[in-house]
Each structure stands twice: as structure tokens, then as C-alpha cells.
Amino acid sequence: RAYEGEFRKGCVHGFGLYKELPNGSTYVGKFASGKKTGKGTYTFPEGSVYEGEFKDDRIHGHGTYIWTGGGNGRKYSGQWAKNKMDGKG
């Protein structure tokens, strides 16, 4: 794991870049008390991308997910709740 960004009281807090090694996923965005919270972009190992809101390390709020590979560029833009699509996109 690698992190570049802001800290507060020894904890990841503020804007930063987090890389999960060796799988290659990355997150660029806001953190609060060590968790992804606020707006950010998460790139999954296979290349799919989610851009939008996070809460307590989960995809939560409004955002857009674009599938790559087997997803053939499928896209969902709308509400999310606890890492799951929630409502119409």
C-alpha cells in the first residue's frame, strides 16, 4: 500500500492518493479519519472506474461507474448506497 497526501493527528485526512499494491487499484480524493469520505475517483484493478461520493470507505451518494472489459463500456450514473446501485440511473 502507498499513500501520498494529507494527514491530521497521524491519520489519513484530507486530500490524497492511495494505491493498493499489488492489485493496482487506486483512489484519489478526500479522506476523513482514515476512510474514503467525500468526492473521489476509484479505479479498480481491471480498469473499471467509479467517480463520485464516498462515505465511510464505501461508494455512497451520487456517482458514475463505468465498467470496462466484460462490461463493454456499460455506465451507471445515479445514486448509490453502501456500494450498491440505489434507484434509477
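What follows is a conversation about a predicted model and the terms used for it.

Guide: In this predicted model, local features need pLDDT of at least 70 and side-chain atom pairs count only at pLDDT 80 or more, whereas totals for chains, interfaces and linings use all residues. Residues are numbered from 1 along each chain as its sequence is written, and side-chain values use heavy atoms, with hydrogens and water left out.

Visitor: Why does Arg-58 count as partly exposed?

Guide: Buried means under 20% relative accessible area and exposed means over 50%, with partly exposed in between (1.4 Å probe, protein chains only). Arg-58 has 40% relative accessibility, so Arg-58 counts as partly exposed. Arg-58 is found in strand E6, residues 58–66, where a strand is a DSSP run of at least two residues, numbered from the N terminus.

Visitor: How do you know that strand E7 and E8 pair?

Guide: Two strands pair if DSSP finds at least two bridges between them. Strand E7 (residues 75–81) and E8 have 2 bridges, in the antiparallel sense, and Ala-81 stands opposite Lys-84 in E8. Strand E1 (residues 2–8) and strand E2 (residues 11–20) are also antiparallel, joined by 6 bridges, with Phe-7 opposite Val-12 in E2.

Visitor: What makes E1 and strand E8 stand at the edges of the sheet?

Guide: The open sheet has 8 strands in the order E1-E2-E3-E4-E5-E6-E7-E8, with antiparallel pairing. E1 and strand E8 (84–85) each have a single partner strand, so one side of each is left without a neighbour in the sheet.

Terms used
Helix = DSSP H or I, 4+ residues; strand = E, 2+ residues; numbered from the N terminus.
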